[in-house]
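Visitor: I have a protein chain open here and I'm new to this. Can we go through it together?

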Amino acid sequence: MDSPVTPRAAAPGPRRRDRHGRGMRGPIAPPQVPLAASRAETFADLVQDSVERLERRWPQLADIDFLVLEVPRLDGAGPGWSDEAVPLGGTVPAREGRPARVVVYRRPVEIRTKGRDERAALVHEVVVEQVADLLGLTPETVDPRYGED
């Protein structure tokens, strides 16, 4: 009769390959390829491109923080809920020691667009509208090409 073989103790940590040596061996794409960037990183790049485009005309935008959040907060949800559309962006005025902020909400913008070009155009519109609101100007003054598409 054969001697019983004692099973090996499982190695600590996640198993990287299956028992036949197959499975994920590494990342699908190297980090410098656009495929490796997450949707959130790609969206943040669109916002940054829009801000850089506006900063050439409005250098004071360097003093404003631009943020990307997933979704807007619903502080007043419940009985006071209204049928208003979900906002695509918002502003927070400057306070003592804090710069003004422009916020772009990623998920509502992504849901309303189909492709990258359409998303880039909507992100730019949202950034222009929020900057105009913060500066007390019209969107056409902030970007003369606003609404031309």
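Guide: Start with burial: buried residues, meaning those under 20% relative accessible area with a 1.4 Å probe and protein chains only, make up 25% of the 149 residues in the protein chain. This is a predicted model, where local features need pLDDT of at least 70, side-chain atom pairs count only at pLDDT 80 or more, and totals for chains, interfaces and linings use all residues. Residues are numbered from 1 along each chain as its sequence is written, and side-chain values use heavy atoms, leaving out hydrogens and water.

Visitor: How many helices and strands does the chain have?

Guide: The protein chain has four helices and three strands. Both are DSSP runs numbered from the N terminus: helices are H or I with at least four residues, strands are E with at least two. From the N terminus on, the order is α-β-β-β-α-α-α.

Visitor: OK, helix H3. Which of its residues are buried?

Guide: Among them are Arg119, Leu122, Val126 and Val127. The cover over the buried residues of H3 includes helix H1 (39-55), strand S3 (101-105) and helix H2 (106-111).

Visitor: And how far does H3 reach?

Guide: H3 has 20 residues and reaches 28 Å from its first C-alpha to its last, close to the 28 Å expected at 1.5 Å a residue. The expected span is 1.5 Å times one less than the number of residues. After H3 comes Gly136, with a positive phi near 75°.

Visitor: New topic: where does Leu88 lie?

Guide: Leu88 lies in the loop between strand S1 (65-69) and strand S2 (89-92). Leu88 is buried, at a relative accessible area of 19%.

Visitor: What touches Leu88?

Guide: Not counting residues up to four places away in sequence, the residues touching Leu88 include Val103, Tyr105, Pro108, Leu122 and Val126. Leu88 and Val71 are 17 residues apart in sequence, and their C-alpha atoms are 8.6 Å apart in space.

Conventions. Buried < 20%, exposed > 50% of the residue type's maximum accessible area, 1.4 Å probe, protein only. Contact = heavy atoms within 4.5 Å.
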